[in-house]
Amino acid sequence: MRAVYFDGAGARMRDDYPDPGADRNAGGGGESTVSVTLAGICGTDLEILDGYMSYRGVPGHEFVGVVEESGGRGATLVGKRVAGEINVGCGRCGRCQGGMERHCPARTVLGIQGRDGAFAERLSLPARNLHPIPDSVSDEQAVFIEPLAAAFEISEQVQAAAGSRAAVVGDGRLAQLICQVLKMSHGDVTCFGRHAEKLKMLERFGISTRLGAEPGEESKVHGNGDTQSFDIVVDASGSVSGFADAMSLTKPRGTLVLKSTTASGSGADLTPAVVHEVTLVGSRCGVFGPAIEALATGTVQVDHMADSTFPLEGFGAAVGRSREGDALKVMLRP
Ligand SMILES: [Zn+2]
Ligand SMILES: [Zn+2]
């Protein structure tokens, strides 16, 4: 089949890549083969191409597709349009048994860790990971289910108290979704970004915005009275300076939610977290149910975030577009 393969140095389209159905189903692994209709490129994919996770294989983890074949309990899924949760645990360890499959030490993660992903004609996932998509959700919208679930994960982890104020640092793909989700739970949401046109998109949802410094400058947060004034602050900036910005916005005894993996190697200064008794919450993937519901009912809107669509052959150009400052969701149509 045709697939984009990343060998650690570069990614290129191959048309002789082994079909996932060929080996996954051979061992009776209970996996379903999905024909990928549309896949989204996100910041994590760009980080993987830069060496994150030392991943080798087919990247891509945001997708919508149609189930081609599926054994056992997945048989009813054949022919259905689906999105898929990306973490696959061993099913036997204490964490899997305790409902924490996403944290299984032996897990594979679609297109990120030990499992070929969605930038291909076909992919394979266990039937239990697949969710049928209602007709009212388009393919373009369904590509947002995975990142939107990651945004809803914040609401699962952090309860909103009445009258609390929320801030989001960053105005990119994930930050846009987080702003809409926090608007539902918190009401008072301010986004700190550095792209005027992206901030403008948020204003229609009643989200306050602050335009900060340009990329490469020290901080996106200026001395405008916002320092230490938010109960919950989410760093979804994808930039090293975002963590310090987010920390400076967090009230004493407030909560700082970390959605960016980029800060990990930056030697971020944690002293303010101690001095101001800030609670740090790491946040990654979420469950799909609330995300599918929000798209089906229109509570969260994503149509304005679709950027451009490329064939697999255009992967290089798609990545190039995705890295541009004004780009939102770039998609691949295998
Ligand atoms: Zn992603
Ligand atoms: Zn496990």
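Predicted model: local features only at pLDDT ≥ 70, side-chain atom pairs only at ≥ 80, totals over all residues.
Where is Glu277 found? Glu277 sits in the loop between helix H9 (271-275) and S16. Check its backbone: phi of Glu277 is near 50°, a positive value in a residue other than glycine. Most residues other than glycine have a negative phi. Now look around the residue. Glu277 is exposed, because 11 other C-beta atoms lie within 10 Å, and the cut-off for exposed is 12 or fewer.

Next, select strand S16 (residues 279-282). S16 pairs with S15 in the parallel sense, over four bridges. Pick Leu258 and look across: its bridge partner in S16 is Gly282.

Val233 has Leu256 in S15 as its bridge partner. Then trace the chain from S14 to S15. The path goes through helix H8 (residues 240-249), and this β-α-β crossover is right-handed.

Now turn to another sheet. This one is open, has three strands in the order S6-S7-S8, and shows mixed pairing. Strand S6 (87-88) and strand S8 (114-115) stand at the edges; each has a single partner strand, so one side of each lacks a neighbour in the sheet. Zoom in on S6 and strand S7 (residues 108-110). They pair in the antiparallel sense over two bridges. Asn87 stands opposite Val109 in S7.

Last stop: Ser54. Find it in the loop between helix H2 (43-49) and strand S4 (62-70). Ser54 is not a glycine, yet it has a positive phi of about 50°. Is Ser54 buried or exposed? Ser54 is exposed, with 8 other C-beta atoms within 10 Å.

Technical notes: Residues numbered from 1 in each chain as written. Chains lettered and ligands numbered in written order. Pairing = 2+ DSSP bridges. Right-handed = clockwise from strand over helix to strand, strands pointing away. Buried ≥ 20, exposed ≤ 12 C-beta atoms within 10 Å, placed from the backbone.
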